Amino acid sequence: MSWSDFFLMQQELALILLALVLLVVEISLDTENKHKIIPVANFLFIPILVIGFLNTSTGSLFGDMYITDPTRILMKNILNVGVFLVFLQVSNWLKTQANNRNRISEFYLLIISSLIGVNYLISAGNFLMFYLSLELTSIPIAALAAYEQYKHKSAEAGIKMILSSAFSSGILLFGLSLLYAGTGTLNYGAMAIASVDLIQSMGFIFFFSGLAFKISIVPFHLWTADVYEGAPVAVTSYLSVISKGVAVFVLAIVLITLFGEIQGLWQEVIYVTAILTMTIGNLFAIRQKNIKRFLAFSSIAQAGFILLGLVGGSNFGTTAVLYFVLIYIFSNLAAFGVVSVIQNASDKENIYDYNGLYKTNPRLSLVMMLALFSLAGIPPVAGFFGKFFLFAAAAEAGMYVLLLIAVLNAIISLYYYLLVVKAMFINSNDQPVPKIESDFFARAGLILCTAGIIITGFISWIYEYMLNNSFGI
Amino acid sequence: MIKGIPFEHIMIFSTLLFFIGVYGFLTRKNLITILISIELILNAVNINFVAVNVYLYPEALEGHFFALFIIAIAAAEAAVAIAIFINLYRNIRSINIEKVNEMKN
């Protein structure tokens with residue numbers, strides 16, 4: 001192994017460098033000027049996005065602890081773009097936090113630590129590496145969920161996050177120890193499980209339950225709504241797209257590379273959980289009053305749709321999952337971006353506060369409408385294409401009952417997404433949210449998200465690129 | 001190899017410990033005891049890893065290493081968790097999980 005091999009870890013190394021640079025910048029700023037770290041972090045993040053596209057070679061490091069190939073780099077790129085959008089949206093919130101003015105850089109450092117974990121998690125080639133990076137993704141986020149020191153809700157969200165993530169990783173580890181007992185190795189390559197014996201299927205069930213906590217698949221979704229509601233909006237949006245996205249990607253990698261031979265076992269598990277997740281997520285979303293809770297349950301339902309792509313275990317399905325997660329990042333972050341802008345300006349977060357939003361803030365409500373249409377899957381926007389490919393993947397696997405339930409759920413979801421749209425455009429309000437002038441970064445973030453929502457569906461090159469690259473795993 | 005103790009006994013012990021931890025996590029009211037239950041779960045996993053390594057696959061030390069890493073990470077996790085508990089205690093003067101229910105209503 002030569003020094004140049006280290007450049008296989010380009011994205012992780014660049015992120016670590018960024019974290020160090022931000023630490024130095026943090027030291028050199030006075031207490032009054034801490035907010036100057038916001039543009040520094042945002043602009044320094046752009047090279048990291050570019051680096052991800054430079055070198056897409058295949059290789060492994062440290063005795064197969066770290067694996068990289070074009071698919072994994074693509075997954076990392078998708079999630080890095082998501083984090084960039086989150087960074088653009090938080091600037092306003094960070095500046096207006098009176099109590100936390102001197103802790104702004106903590107936010108960036110913790111998110112970047114978590115992102116380093118996300119990148120390593122995708123590239124893990126050994127369960128030791130897998131576990132270490134899994135914890136690196138979730139512990140900083142628990143600290144961030146409790147970021148708003150003087151808010152009871154925020155501490156509550158932090159507690160629920162850290163306890164459920166510790167509990168879930170405990171369950172996951174128990175599953176891993178059973179898998180280790182069955183195979184005698186922790187290396188992905190050597191582990192590939194061929195037979196369904198009792199101890200390994202037990203191990204798989206525990207392992208799957210642990211990951212299901214992270215994706216918030218029913219019946220492991222109970223923490224989601226509380227954490228999403230209590231945590232600051234920026235953290236919620238990170239949780240709902242990046243944490244969920246990486247868990248989905250890792251589930252796809254593990255299911256195909258490790259458990260590919262025992263597809264009969266996990267197909268049933270995913271079949272049942274997909275139905276439960278879609279249905280329960282949708283039914284609970286209908287009766288939510290708080291917009292963050294509403295988006296939490298909608299994201300649970302979206303996780304159910306994502307499972308449709310995994311159930312067949314085909315390359316086509318994996319591509320559909322990648323493509324859907326990219327679109328989901330754009331649409332969910334657009335929705336959370338609007339929620340964040342409105343909460344900063346007026347501290348309102350109930351759905352009825354959105355009544356008459358179109359009168360005062362027409363552009364914000366247009367972005368929100370596009371985002372919700374995309375989440376619901378209405379044709380002109382990208383969400384439709386994402387859902388279409390997921391459904392096609394389920395149809396390809398021949399699961400027509402599952403497909404029927406998914407379509408019914410898509411119709412139910414249309415109802416509650418349109419409730420918010422109706423509130424914004426039709427309902428009248430005596431005290432609507434006043435006109436909001438958002439700052440440069442927030443505006444840029446919303447514009448990028450909107451562009452993503454509209455463009456991703458129409459440029460077939462993006463889908464083709466993913467399809468060509470998803471043969472790696 | 002530990003003399004005189006069959007492998008099955010260790011596995012039964014660790015499985016019992018695991019489910020005691022799960023039970024404690026789900027029923028306990030005090031946040032600190034919930035954290036202790038999580039430690040029980042992780043220790044059950046550690047015993048599993050080490051026992052499997054010693055009895056079944058003694059040629060490599062993967063299980064031992066994994067147990068070491070789990071101990072280290074559990075400490076980090078407990079540190080963050082306790083920091084958040086202290087923050088909550090400052091806000092509501094209690095570490096009872098039933099008081100942590102502002103969003104349930």
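How many of the nine residues of helix 9 of chain A are buried? Seven of the nine are buried, so helix 9 of chain A is largely enclosed by the rest of the structure. A residue is buried if 20 or more other C-beta atoms, placed from the backbone, lie within 10 Å of its own, exposed if 12 or fewer, and partly exposed in between.

This is a predicted model, in which local features need pLDDT of at least 70, side-chain atom pairs count only at pLDDT 80 or more, and totals for chains, interfaces and linings use all residues. Residues are numbered from 1 along each chain as its sequence is written, and chains are lettered from A in the order in which they are written.

The buried residues of helix 9 of chain A include A:Thr224, A:Asp226 and A:Tyr228. Among the elements that cover them are helix 5, helix 6, helix 10 (233–257) and helix 12 (291–311) of chain A. Helices are DSSP runs of H or I, at least four residues, numbered from the N terminus.

Chain A also touches chain B, with 31 residues from chain A and 34 residues from chain B in the contact. Two residues are in contact if their C-beta atoms, placed from the backbone, lie within 7 Å. On the chain A side, these elements give two or more residues:

| Element of chain A | Residue range |
|---|---|
| helix 5 | residues 127–145 |
| helix 6 | residues 152–183 |
| helix 9 | residues 222–230 |

Helix 6 gives the most to this side, with 16 residues.

A:Val272 lies in helix 11 (residues 263–286) of chain A. A:Val272 counts as partly exposed because 13 C-beta neighbours lie inside 10 Å.
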